[in-house]
Amino acid sequence: MMTTRPMLITAAACLLTAALASAQTTPPKTPPTTPAQTPKTPPKTTPKTPPKTGGRSGTSTAAKKPAAAAPSRAALLDPSKLKAVAPAVYKATFDTSAGIFVIEVHRDWAPKGADRFYNLVKNGFFDNDRFFRVVPGFMVQFGINGDPAIQKHWADANIPDDPVTQKNLRGYVTFAKTGAPNSRSTQVFINFADRNTFLDSQGFAPFGQVISGLDVVDKINSAYGERPDQMRIQSEGNKYLTAQFPKLDYVTKARITS
């Protein structure tokens, strides 16, 4: 079954609904009203500030801790086995081509989302994944595995919705989804602006917050905007992205650090 791409809600409710319905792993194309898993075009209400650029930097105490043993690739081939319950609060450190940032996850904010994110990070799902959708003033999205042989097993590995208990404020981290219920899988986005609270009523439930390195998140290359085709990413992986969008920033290593 071909998966659709998650997207973010559009400024107009109908545009938003249509956008979400057509994507599973990225935010909507028109003005964001809800983050969907594969929205292609920036929401019309998205701030049109120029992409931020600058030196690559970012450090954190957590990032200096030794990494755990490399996860087994085989573990990522069977999502049904990755069901570990996450700690009540934990941190995930992301080493990226743009620098280092740390996400603190609170399980009571969105239990199912926190558990899924924990299992993805712990088992190396995000390693070498590209930040394929970056809309300045709105959000940065990632979470399609660069290896099609792995990604195909997660295309339909959805989790039930969580109630929205937090707001989609700047630095908050949320799973992308389509307009359909229980459509969250592996794609997540980091909010760039406090104005994204319009996503709350759309069912986008934040599960964590960037507590270190938000300046690094701001520097993630936005030159390609929403041009990368999510369906091609899923079917061709990093081979497609490195050939067509060679300057995309990416995760070098993500790990649970506390």
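Here's a quick look at the nonpolar cores and the aromatic rings of this predicted model. Residues are numbered from 1 along each chain as its sequence is written, and side-chain values use heavy atoms, with hydrogens and water left out. Local features need pLDDT of at least 70, side-chain atom pairs count only at pLDDT 80 or more, and totals for chains, interfaces and linings use all residues.

Let's start with the cores, meaning sets of buried Ala, Val, Leu, Ile, Met, Phe, Trp, Tyr and Cys residues joined through side-chain atoms within 4.5 Å. Buried is under 20% relative accessible area, exposed is over 50%, and partly exposed is in between (1.4 Å probe, protein chains only). The largest core has 39 residues, and Phe94, Phe101, Phe117, Phe126 and Val217 touch the most other members. A separate second core holds 8 residues, including Phe132, Tyr224, Leu241 and Leu248.

Now for the rings. There are 18 aromatic pairs (Phe, Tyr or six-membered Trp rings with centres within 6.5 Å; planes under 30 degrees apart are stacked, over 60 edge-to-face, the rest tilted). Two of them are tabulated here.

| Pair | Centre distance | Plane angle | Type |
|---|---|---|---|
| Phe125 and Phe126 | 5.6 Å | 90° | edge-to-face |
| Tyr240 and Phe245 | 5.8 Å | 80° | edge-to-face |

Phe125 and Phe126 are both buried, and Tyr240 and Phe245 are buried too. One aromatic cluster takes in Phe125 and Phe126 along with Phe94, Phe101, Phe117, Phe131, Phe142, Trp154, Phe175 and Phe207.
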